[in-house]
Amino acid sequence: MRAITLAVFVAVAIAVGFLVPLPELEAVRDWTAELGVVGGVGFALLYAAVTLTPAPKNVLSVAAGLAFGFGWALAAVYAGALLGAAAMSDLEGTQPVHRQSPPMRSRSTSSTSAPKRAAVLAATIPAVPPPITSRSTAEPE
């Protein structure tokens, strides 16, 4: 059943791509300029609804940048993402978990974890490119 649903979705997407004419970019920008703030709010609400689905949000983010320009698109996408996150939290019925801090450790347990901390730090420090490393460790002439 999933394969059939996917095949139908792909077929519809291809048909829409070929049969529906796309407007020119300037026409889209003029249309969004006519809508003004209402267009931005509407886009933010649409973005919030899309964040609740597994659809790729980056496509909408790029479309917002093309339609509204960087500043307005940033505001609309950010607001939409926040609204979507709040809606998801409300739909899940979860509340923030307030945890107590872990109990105090004695010195003996904290000293045994020091090698682990050093290994984690060593793994997270970015590597230096080889040419810089070879020059910095070279003996002065």
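Is Tyr47 buried or exposed? Tyr47 is buried, because its relative accessible area is 7%. My cut-offs were these: buried is under 20% relative accessible area, exposed is over 50%, and partly exposed lies in between, with a 1.4 Å probe and protein chains only.

**Ground rules**

I am working with a predicted model, where local features need pLDDT of at least 70, side-chain atom pairs count only at pLDDT 80 or more, and totals for chains, interfaces and linings use all residues. Residues are numbered from 1 along each chain as its sequence is written, and side-chain values use heavy atoms, with hydrogens and water left out.

**The whole chain**

I looked up the secondary structure and found 8 helices and 0 strands. Helices here are DSSP runs of H or I with at least four residues, strands are runs of E with at least two, and both are numbered from the N terminus. Read from the N terminus, the order is α-α-α-α-α-α-α-α.

I then checked burial: of the 141 residues in the chain, 13% are buried. The chain exposes about 11900 Å², and carbon and sulfur atoms supply 71% of that. These areas come from the Shrake-Rupley method with a 1.4 Å probe, and for residues only the protein chains shown count as cover.

Residues 24 or more positions apart account for 67% of them.

H3 has 14 residues, and its first and last C-alpha atoms are 20 Å apart, close to the 20 Å expected at 1.5 Å a residue. The expected span is 1.5 Å times one less than the number of residues. I listed the buried residues of H3 as Gly39, Gly40, Phe43, Ala44, Tyr47, Ala48 and Val50.

Phe43 and Tyr47 both lie in H3 (residues 37-50), 4 residues apart, which is about one turn of the helix. Phe43 counts as buried because its relative accessibility is 12%.

Which part of the chain does Phe43 reach through its pair with Phe68? The ring centres of Phe43 and Phe68 are 5.6 Å apart and the planes stand at 65 degrees, so this pair is edge-to-face. Phe43 is in H3 and Phe68 in H4, so the pair ties together parts that are 25 residues apart in sequence. My rule for Phe, Tyr and Trp (its six-membered ring) was that rings pair if their centres lie within 6.5 Å; planes under 30 degrees apart are stacked, over 60 edge-to-face, and the rest tilted.

How many aromatic pairs does this rule give? The count comes to 2 aromatic pairs. For Phe43 and Tyr47, the centres are 6.2 Å apart and the planes are at 35 degrees, so that pair is tilted. I noted Phe43, Tyr47 and Phe68 as one aromatic cluster.

**Helix H4**

H4 (residues 57-68) has 12 residues that should span 16 Å at 1.5 Å a residue, and its end C-alpha atoms are 16 Å apart, which agrees. Its buried residues include Leu60, Ala64, Ala67 and Phe68. They cover an arc of only 75 degrees around the axis, which puts them on the same side of H4; the arc is that of the directions from the helix axis to the C-beta atoms. Asn58, Val59 and Val62 are exposed and sit on the face of H4 turned away from its buried side.

I also looked at Ser61 in H4. Ser61 is partly exposed, with a relative accessible area of 26%. Leaving aside neighbours within four places in sequence, Ser61 is in contact with Tyr47 and Val77. After H4 comes Gly69, whose phi is positive, near 90 degrees.

Thr32 lies in H2 (residues 25-35) and is buried, with a relative accessible area of 7%. Not counting residues up to four places away in sequence, Thr32 touches Ala67 and Phe68. A polar atom of the Thr32 side chain lies 2.9 Å from the backbone oxygen of Ala67, and the side chain also reaches the backbone oxygen of Arg29 at 3.0 Å. A polar contact is a pair of N or O atoms within 3.5 Å; within protein, one must be able to donate a hydrogen and the other to accept it, and residues adjacent in sequence count only if both atoms are side-chain atoms.

My last stop was Ala73 in H5 (residues 70-92). Leaving aside neighbours within four places in sequence, Ala73 is in contact with Ala64, Gly65 and Phe68.

Note on methods:
Contact means heavy atoms within 4.5 Å.
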